[in-house]
Amino acid sequence: QLQASGGGLVQPGGSLRLSCVVSGSIFSIDAMAWYRQAPGKQRELVASITSGDTTNYADSVKGRFTISRDNAKKSVYLQMNSLKPEDTAVYYCNAEIRRHRFAAKSDYWGQGTLVTVSS
């Protein structure tokens, strides 16, 4: 349902752009978000964006990461700049999707994409 891409190995101070696309027939997408999970740690919210483009960021990434969405492409993006070793994690995209006009919203998750920040 959600396909994430764009992860990889990058040096400290570098940049990466993650992408996530929703596949299949849907009625609407409400909030979209990126989460991450580092080894041995719990999954945490990195950034979120509402259907009205209101954004929210974890304190640890404010000023470095930017979340955006393209509703026509059913996609959400995460531009990550000034990456630090502590940003190393598997990044997951999340979307609240309404499959049909009268259906309730459901949470969907992407498969995760690994970001490694290391010299």
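These legends describe close-up views of a predicted model of one protein chain. Residues are numbered from 1 along each chain as its sequence is written, and side-chain values use heavy atoms, with hydrogens and water left out. Local features need pLDDT of at least 70 and side-chain atom pairs pLDDT 80 or more, while totals for chains, interfaces and linings use all residues.

**View 1. The protein chain is built from 11 strands and 0 helices.** From the N terminus on, the elements run β-β-β-β-β-β-β-β-β-β-β. Strands (E, at least two residues) and helices (H or I, at least four) are DSSP runs, numbered from the N terminus. The C-alpha atoms fill a box of roughly 50 × 25 × 25 Å, taken along the principal axes. Of the 119 residues, 40% count as buried. Buried means under 20% relative accessible area, exposed over 50%, and partly exposed in between (1.4 Å probe, protein chains only).

**View 2. The largest nonpolar core holds 31 residues.** Such a core is a set of buried Ala, Val, Leu, Ile, Met, Phe, Trp, Tyr and Cys residues joined through side-chain atoms within 4.5 Å. W34, L78, M80 and Y91 touch the most other members. Elements giving two or more residues to this core include β1 (2-5), β4 (28-37), β8 (75-80) and β9 (89-98). β9 gives the most, with 5 residues. In soluble globular proteins, nonpolar side chains tend to be buried together.

**View 3. L78 and the residues that it touches.** Contact means heavy atoms within 4.5 Å. Residues up to four places away in sequence are not counted here.

**View 4. D87 sits in the loop between β8 and β9.** D87 is buried, with a relative accessible area of 0%. Leaving aside neighbours within four places in sequence, D87 is in contact with R36 and R64, among others. F65, S82, V115 and V117 are also in contact with D87.

**View 5. S82 is found in the loop between β8 and β9.** S82 is partly exposed, with a relative accessible area of 40%. Its phi is near 50 degrees, a positive value in a residue other than glycine. S82 is one of the residues in contact with D87.

**View 6. D53 is found in the loop between β5 and β6 (55-57).** D53 is not a glycine, although its phi is positive, about 70 degrees.
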